[in-house]
Amino acid sequence: MSNSEQRRRYQDVAALLRQEIASGKYELGTRMRPERQIAEEMEVSRSLVREAMIMLEIEGLVDVRKGSGSYVIALPSNEQTNNPTADIGPFELLQARQLLESNVAGFAATTITKADVVRLRTALDQEKQDLAAGIDNYDADEQFHILIAKATQNTVLADMVQTLWNLRKNSHMWNKLHERIFDDTYRQAWLQDHENILNALQRRDPAAARQAMWQHLDNVRKRLLTLSDSEDPAFDAYLFHQDPVVA
């Protein structure tokens, strides 16, 4: 694997898989070997292989079929080989959010004001209204998280959380996963997560707020893993062996 600072680890995995496709290892329409096998052969995690597959899917080289596998549907062009898609993997991004936002929530519990609580409640109510109306956007969701960061009264932390959300909105890989969502049941569950976070903030309980935010983003991670794993939806990969922040 390359250690170049200009490339992310999943891009190295994607480059190797792209080379395999270009070399004729797979005929068009054939199924690629399972993610688990690729991970073992390349000695990388399943989440990295999964992000590489999403990248190749965005490039139009593979078709990921849930419950079946990944099938080669096109050969890479010279442009794709020399200038691969640049993006941030959704699990790498989520890992950063877990580490930052859980601690931000814990700190916010010590600095939050009544006005902050009112603003958070308004954002949460807007989320509920949007969901009930079938509005398919995450503006109120984003606002809820940003308001928590602003409740720390620290503009640097607020800017850092906003930057992560901007990366999320501009991530083709993240958006590709969300295209596979066919119902709103997961959003209902995430609303309850937000309610739990807000309740902990109102109680000014740092440990509970930190844990509630960590659990919320862990629930997001589990959902994304289910959506992105075409071969084994029950596979319970994880970013950390344990929660190093709240354990």
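**Helix packing and the nonpolar core**

In helix α1, the residues Arg 9, Tyr 10, Gln 11, Val 13, Ala 14, Leu 17, Arg 18 and Ile 21 meet Leu 48, Val 49, Glu 51, Ala 52, Met 53, Met 55 and Leu 56 of helix α3, where contact means heavy atoms within 4.5 Å. Sorted by class, this contact of α1 with α3 has 11 nonpolar, one polar and three charged residues; Ala, Val, Leu, Ile, Met, Phe, Trp, Tyr, Cys and Pro count as nonpolar, Asp, Glu, Lys and Arg as charged, and the others, Gly among them, as polar. The model is a predicted one, in which local features need pLDDT of at least 70 and side-chain atom pairs count only at pLDDT 80 or more, while totals for chains, interfaces and linings use all residues. Residues are numbered from 1 along each chain as its sequence is written, and side-chain values use heavy atoms, with hydrogens and water left out.

Two packed helices are described by the angle between their axes and the distance between the axes. For α1 (residues 9-22) and α3 (residues 46-58), the packing angle is about 60 degrees and the axes are 8 Å apart, the axes being lines fitted to C-alpha atoms, for helices over the stretch in contact, with angles that run from 0 to 180 degrees between N-to-C directions. That angle makes α1 oblique to α3, on a scale where angles under 35 degrees count as roughly parallel, over 145 as roughly antiparallel, 65 to 115 as roughly perpendicular and the rest as oblique. The crossing of α1 and α3 is right-handed; a crossing has that hand if the near helix is turned clockwise from the far one by less than a right angle, and is left-handed if anticlockwise.

Taken as a whole, the protein chain has 11 helices and two strands, which are DSSP runs numbered from the N terminus (H or I with at least four residues for helices, E with at least two for strands). From the N terminus on, the elements run α-α-α-β-β-α-α-α-α-α-α-α-α. Among contacts between residues at least 6 apart in sequence, 74% join residues at least 24 apart. Of the 247 residues in the chain, 48% count as buried, a term that means under 20% relative accessible area, with exposed over 50% and partly exposed in between (1.4 Å probe, protein chains only).

In soluble globular proteins, nonpolar side chains tend to be buried together. Here the largest nonpolar core holds 66 residues, of which Leu 17, Met 32, Leu 120, Phe 144, Ile 148 and Leu 201 touch the most other members. Helix α5 (residues 90-111) gives the most to this core, with eight residues. A nonpolar core is a set of buried Ala, Val, Leu, Ile, Met, Phe, Trp, Tyr and Cys residues joined through side-chain atoms within 4.5 Å. If neighbours within four places in sequence are left aside, Leu 120 is in contact with Ile 112, Phe 144, Leu 147, Ile 148, Leu 198 and Leu 201.

Leu 120 also takes part in the pairing of α6 with α10. The axes of α6 (residues 114-132) and α10 come within 11 Å and cross at roughly 170 degrees, which makes α6 roughly antiparallel to α10. The residues of this contact divide into seven nonpolar, four polar and five charged.

Helix α10 (residues 185-202) is the place of Arg 187, which counts as buried because its relative accessibility is 11%. Not counting residues up to four places away in sequence, Arg 187 touches Leu 131, Ile 135, Asp 136, Asn 137 and Tyr 138. Asp 193, also found in α10, is buried with a relative accessible area of 10%. With the residues up to four places away in sequence again not counted, Asp 193 touches His 216 and Asn 219; Asp 193 and Asn 219 are 26 residues apart in sequence and 8.8 Å apart in space, C-alpha to C-alpha.

The axes of α7 and α8 come within 8 Å and cross at roughly 160 degrees, and the two helices are therefore roughly antiparallel to each other. Gln 153 lies in the loop between α7 (139-150) and α8 (155-169), and its phi is near 65 degrees, a positive value in a residue other than glycine. Glu 43, in the loop between α2 (35-42) and α3, has a positive phi of about 55 degrees although it is not a glycine, and at 71% relative accessibility Glu 43 counts as exposed.
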